[in-house]
Amino acid sequence: MSFASKGSRDKAPGGPRHSQRARKPPSALGPFRRPLAAGSGACALSPSAHPVTRRAKSRERWGPAKMAALCESFTLCGLGPSGGVVLGGGLLALEPGPEPDHVLLTDRGRTATLFKVSDQKPLGCWSVKHGQIITCPVVCNFETHEYIAVHDDKVLRIWKNTDINLDKVFKATLSADVYRIHSLSNGGPVVLFKGGGVRTLDVLLEAPQQEIENIISDGVIKWSEAFTDGEQPVLIFATEEDGDFFVYVQKLKMNSLHKYKVEQQESSKPLSFTAYIKNQVITLLCLYSNDSVYKVLIPLQQSSEEEEQILSKSLLLKLSVSGSVLKGTSFVVLDKDHIAVLGSLAAPGEETKECLTIWNTKFQTLQTSKELPLGTSGQLWCYEEKFFFTHGKVLTVIMYKCETSSLAAAVGKHKDSQTPDVSSFVNWNTLADEELVVSFQSQQSVALKSESKMTLRPKRSTVTKVQPDTLSVGQILLNLKDASTTVFEDELRQLISKAQMPDFQASIGCVITALINRCKTNPTYYPRNFLLHIIQTRDLSYSLCPDLMAVALEKKDVHLLQICLQRFPDIPEEITYACLKVFLSISEACLQRIDVNLESVICYIDIEFNNKEVKTEIVENGFNAELEQDVWDTKITKEAYPMADGDFCPVGPQKAALLNAVLHSAYSETFLLPHLKNLPAQQAVLFLRYLYYLYVKASEKINTTLPGIRSPTISQIMDWMCLLLDAQFTVMVMLPEAKELLSNLHKFVRAQVRFYSELNKIEGSLQELQRLNHQKDSQTYSIEVLELI
């Protein structure tokens, strides 16, 4: 859009607006891939509110029923004047930022802050002048990467990330009060005025003082949301007029407006709204004061131009369970079958507690809940599979997941839907034998059907009579519960050898879980070789056998832990830290007797039996007489362990190989850092010595790459070094034995920086030499003198 317009508009001293670059919208977002949904009458789910989503998927049909669960939580920032980043009278709104991991926070005062969620740090903060108040949430224009704010109801401000002073950015004074701005990925920002008038930002900026129609005579807007139906921007907003509630649907390109009256509910009224659009039908969900959620369907294709139509609603969910009633204040939609509700849970005879809950609307069950003892503001936002809400004086983030489930999972029979087969066998006593078999069978089905599994409820006595080839994995494991060790392992080996077994990966996870359960019940039993064989020959993950690494840590089976770290892509940071601690604590003498995979270190570390290192060097530019003499003499004058200068490895090859497995594991800095702070000081220093050794070794090579298979990369080495220093900086500074190490590390890094700085200075000359070399005729002989400046 162009800002060189013909209408009258206020311009700040900063001059004309920045040049703009349109960003390509996503190819297709599913019906529930709106990255930000807010309750408390703020935002709803829409397929077009954010142009970038890493996990965006195009879905034409709904998949199977899902089960939702709450995961880790952390604090994004503080609120209020007590040290928080967001100041003022509380949080007004939270909106998606220009990138998937960014959010825009607007407070109830004069400040807007851009946060990077994964790093929990602000990327930018902008404030209007004292005496001015931001009156609607700040949004991002996804087409231009600019930010749009309205202060004092009528003054529009637009700025870029590089701008600091909002007094010097673009300014336009409008003719009517703004209720809210909605930013769409395809259609650009849409402005909704308090009187019900709607304009796109492009049209509004052509003439900021243009007259805005007043659609709402005697009423106020309670909620609004914008969608994109194909290429058609659609805005929906709800109003309260003389005690009645109305819904307006505005199609911007067609300039059509439809007004609907919401069917009245006796002795109750709507508290919060949310909506989504699918197949040209808007599904409006309303949270009422009678602790119920109702659903209203609004077709976008209207054949008549009636002034007002009455919308009938249907009961979607009653927010009560076992005599307890949830007094909801705001809610969001997670998927077709799940909603999250923030409110106060009231039980007879008990104190009211504020909590975040997830409900399954298909099975009418409470899926999970989390108590919030410090209280909330009643606002709830949902963005990139994370919940955002105020808890006490901080803004809290809780991640959640929605996974395929069955009715048994929805009513709480299973512990973890991510591994449906495993959950039935985590504890043999969780379910009765009969229920165990039925629940396993029900998980294998694609959907719950009335004629299916109700006729397949055999008693245990009848299960044993069925032919082995016809038994399910759950039945086989159940029958082997009391078998001898030899029979138990033989049957399991036969089971995993069946390549045509349905749900093969999950079934292998069940086999490992059964082995681990037997280890727990019989401490003397530990089938190490059997477990190693399964892990090395099957593509598994931590989530399929979550107890395996816990048992290996308890047994200090470092070889099994090494293999798991190398092959499992989803190991939690807590387990990664536990492995690191075990690897650092185990003695070198003990490791000498353990079979460890050395392929990641064998090419750059060689330790003789007297624990002295022989430096193995790969000469990249011909013969090195000095090095050749050293190799033949093999006379080492320095021991490996006490050195801190990076020339000698501070650990043996076995421990180095184990530490390399840790360096290769995936992690989130946010969740690993708290654990690293608990690492004992001596282990932290030893780990830093090894990282420094790897850094020096990698820097010796032109391509900064260590030789060998699964050797750490320079990026992994530096990331872990920075992470360890962040976690243990105070300890490192205070420890006398770390002083020389930190000094040498500082000198080496400084030398590296200077070296690359010098290379940058001659980069232009080297490029010119290369260009001249390509131009000259190789058949002619000449002597050239080139002056390097």
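K194 is partly exposed at 39% relative accessible area (partly exposed sits between buried, under 20%, and exposed, over 50%, with a 1.4 Å probe and protein chains only). This is a predicted model, where local features need pLDDT of at least 70 and side-chain atom pairs count only at pLDDT 80 or more, while totals for chains, interfaces and linings use all residues. Residues are numbered from 1 along each chain as its sequence is written, and side-chain values use heavy atoms, leaving out hydrogens and water. Here's a rundown, beginning with the charged pairs.

**Salt bridges**

- The whole structure has 12 salt bridges (a side-chain nitrogen of Lys or Arg within 4 Å of a carboxyl oxygen of Asp or Glu).
- One of them joins K160 and E146, at 4.0 Å from N to O. The pair links distant parts of the chain, 14 residues apart: K160 is in the loop between β9 (155-159) and β10 (170-173), and E146 is in strand β8 (residues 146-151). Both K160 and E146 are buried.
- K194 pairs up with D153, with their closest N and O atoms 3.3 Å apart. K194 sits in the loop between β12 (188-193) and β13 (198-200) and D153 in the loop between β8 and β9, so the bridge ties together parts 41 residues apart in sequence. D153 is partly exposed, at 23% relative accessibility.
- R199 and E213 also make a salt bridge, at 2.9 Å from N to O. Because R199 lies in strand β13 and E213 in the loop between α1 (201-206) and β14 (220-229), this pair ties together parts 14 residues apart in sequence. R199 is buried at 15% relative accessible area, whereas E213 is partly exposed at 34%.

**Helix packing**

- Helices and strands here are DSSP runs (H or I for helices, at least four residues; E for strands, at least two), numbered from the N terminus.
- Helix α9 (residues 528-537) packs against helix α11 (residues 558-567) at about 15°, with axes 10 Å apart (axes are lines fitted to C-alpha atoms, for helices over the stretch in contact, and angles run from 0 to 180 degrees between N-to-C directions). That makes α9 and α11 roughly parallel (angles under 35 degrees).
- The crossing of α9 and α11 is left-handed (the near helix is turned anticlockwise from the far one by less than a right angle).
- Helix α17 (residues 681-700) and α19 cross at roughly 25°, their axes coming within 11 Å. That makes α17 roughly parallel to α19, and their crossing is left-handed too.

**Nonpolar patch**

- F755, Y756, L759, I762, L766 and L769 make a nonpolar surface patch of about 530 Å² (patch residues have over 30% relative accessible area and no salt bridge, with nonpolar side chains, Val, Leu, Ile, Met, Phe, Trp or Tyr, joined within 5 Å).
- α19 (739-761) and α20 (763-775) each supply at least two of the patch residues, and α19 gives the most, with 3.
- L759 is in helix α19 and counts as partly exposed at 34% relative accessibility.

**Positive phi away from glycine**

- Q364 isn't a glycine, yet its phi is positive, at about 60°. Q364 lies in the loop between β26 (353-360) and β27 (365-371) and is partly exposed at 43%.
- K556 is another residue other than glycine with a positive phi, near 55°. K556 lies in the loop between α10 (548-555) and α11, partly exposed at 49% relative accessibility.

**Spatial neighbours**

- C136, in strand β7 (residues 134-141), is buried at 1% relative accessible area.

Terms used. Patches are made of residues with over 30% relative accessible area and no salt bridge: like charges are joined within 9 Å, nonpolar side chains (Val, Leu, Ile, Met, Phe, Trp, Tyr) within 5 Å. Accessible areas come from the Shrake-Rupley method with a 1.4 Å probe; for residues, only the protein chains shown count as cover. Angles under 35 degrees count as roughly parallel, over 145 as roughly antiparallel, 65 to 115 as roughly perpendicular and the rest as oblique.
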